[in-house]
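Hello,

Here is the structure I promised to pass on to you. Please have a look at it first, and then read my notes below.

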Amino acid sequence: MTKPRDIIAQAWAMTKREHTIRKWGFVAALLGTLLNTKLFIYQAWLVYSYFQGDPIGFLTMEKVLFESFPFWFFVVLMIFFGVLLIIEWLFPHLAKGAIIGLAAKSHKKEEVKGGLVLAIYNFFPLFALHELLMLSSATMTITLCSLALRYGGGAGPIMVVILATAWLVSNILEFFWIFAEEAVVIRKHGMRDAIRTSFKLVISYLGHVVFLILLMFIIILRIFANLLMVILVPAIVLGIGFLLGSFLPPVISYTVSTIIGLLLIVVASYLCSYLEIFRQTVWTITYIELSKLKELDVIEANK
């Protein structure tokens, strides 16, 4: 069995070496950051309006844009944001297939190409896996809790408890499904077989304490980076907007803060893409190495 230290070293070397994989990771991180930033800004606006005594409605942002711009520009803007939202939602699923497949090829000393084919052909099973664990995302859970409190009436707090419980269960399941994506991409397993394979591998090698500690450390780093992107970047953008708005015309302050915000998002996404690719390649290499070993419940294979 390959030692955890060797897996970590191989994963980091691959992350620095393979530019093709980093391109997929950067675009996925950028789109994910844009989506999380929009969700955070909307929630921040909601909290601010709540403490002002006039909570915003579900379509308040669209209403403000409708009243601020000509009708034709509003329609174009809504179409643009709608298309962008769909891309931000779907592209990370595409990128995951490409990153895993290209990392597996690199580990096997094969030519690192075919990312688009890997992305397209693995999209639907990976999409299904990810959506089953949709509530493992803290951003998504917070957004749903916010909607439940605003429109759930007396049942709102109960819905929040249910959503929080679902978030906890989803994260536990995500731990046991850590190899399901690799099983789909590398071995072409169906979703059910991929989950079963992942569950079996995790239980079989749960005693590999050092290995799991290293992986958990990587996951903690990933969560910390995500929190920085989701909270710090939008907070800086909002702070700059308020600061400039105190002495500049609104159009100029909004434009400058938007440009600075986009630059910050690009830089944060670039840094996070390294961490995300590193994390993913660790799982990919680990899956390949563990799959070479004899299954612990098999005493004698059929001849």
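**Overall picture**

Of the contacts in the protein between residues at least 6 apart in sequence, 76% link residues at least 24 apart. Please keep in mind that this is a predicted model. The protein has 12 helices and 0 strands, so along the sequence the pattern reads α-α-α-α-α-α-α-α-α-α-α-α. Of its 303 residues, 40% are buried.

**The cores**

The largest nonpolar core holds 24 residues, and Ile21, Trp24, Phe91, Leu102 and Val282 have the most contacts inside it. Two or more residues come from each of α1, α2 (19-51), α4, α5 (115-121) and α12 (250-291). The biggest share is that of α4, which gives 7 residues. Another core, of 20 residues, lies apart from this one; Leu126, Leu129, Val184 and Trp283 are among its members.

Which residues does leucine 102 touch, if those up to four places away in sequence are not counted? The list is Thr20, Ile21, Trp24, Val112, Lys113, Gly114, Gly115 and Leu118.

Leaving aside neighbours within four places in sequence, alanine 119 has contacts with Trp24, Leu94, Gly97 and Ala98. For one of these, leucine 94, the separation from alanine 119 is 25 residues in sequence and 4.6 Å in space, C-alpha to C-alpha.

Let me begin with α1 and α4. On the α1 side the contact is made by Gln10, Met14 and Arg17, and on the α4 side by Ala103, Ser106 and His107. Sorted by class, the contact of α1 with α4 has 2 nonpolar, 3 polar and 1 charged residues.

Next comes α4 with helix α9 (residues 180-187). The crossing of α4 and α9 is right-handed. Here Lys96, Gly97, Ile100, Gly101 and Ala104 of α4 meet Glu181, Glu182, Val185 and Ile186 of α9. By class, the contact of α4 with α9 has 4 nonpolar, 2 polar and 3 charged residues.

The last pair is α7 and α8. Are helix α7 and helix α8 roughly parallel or roughly antiparallel to each other? Helix α7 (residues 138-151) and α8 pack at an angle of about 165 degrees, with axes 8 Å apart, and are therefore roughly antiparallel. The crossing of α7 past α8 is right-handed. From α7, the residues Ala138, Thr141, Leu144, Cys145, Ala148 and Leu149 meet Gly156, Pro157, Met159, Val160, Leu163 and Trp167 from α8. This contact of α7 with α8 has 10 nonpolar, 2 polar and no charged residues.

Valine 161 is also found in helix α8 (residues 156-176). With a relative accessible area of 52%, valine 161 is exposed. Between valine 161 and cysteine 145 there are 8.8 Å in space, C-alpha to C-alpha, and the two are 16 residues apart in sequence.

**Two lysines in loops**

Finally, have a look at the backbone of two lysines. Lysine 109 sits in the loop between α4 and α5. Its phi is near 65 degrees, a positive value in a residue other than glycine. With 74% relative accessibility, lysine 109 counts as exposed.

Lysine 188 is placed in the loop between α9 and α10 (191-204). Although not a glycine, lysine 188 has a positive phi of about 60 degrees. At 52% relative accessibility, lysine 188 counts as exposed.

That is what I have for you; I hope you enjoy looking around.

Best wishes

Conventions:
Residues are numbered from 1 along each chain as its sequence is written. This is a predicted model: local features need pLDDT of at least 70, side-chain atom pairs count only at pLDDT 80 or more; totals for chains, interfaces and linings use all residues. Side-chain values use heavy atoms; hydrogens and water are left out. Contact means heavy atoms within 4.5 Å. Helices (H or I, at least four residues) and strands (E, at least two) are DSSP runs, numbered from the N terminus. Ala, Val, Leu, Ile, Met, Phe, Trp, Tyr, Cys and Pro count as nonpolar, Asp, Glu, Lys and Arg as charged, and the others, Gly among them, as polar. A nonpolar core is a set of buried Ala, Val, Leu, Ile, Met, Phe, Trp, Tyr and Cys residues joined through side-chain atoms within 4.5 Å. Buried means under 20% relative accessible area, exposed over 50%, partly exposed in between (1.4 Å probe, protein chains only). Axes are lines fitted to C-alpha atoms, for helices over the stretch in contact, and angles run from 0 to 180 degrees between N-to-C directions. Angles under 35 degrees count as roughly parallel, over 145 as roughly antiparallel, 65 to 115 as roughly perpendicular and the rest as oblique. A crossing is left-handed if the near helix is turned anticlockwise from the far one by less than a right angle, and right-handed if clockwise.
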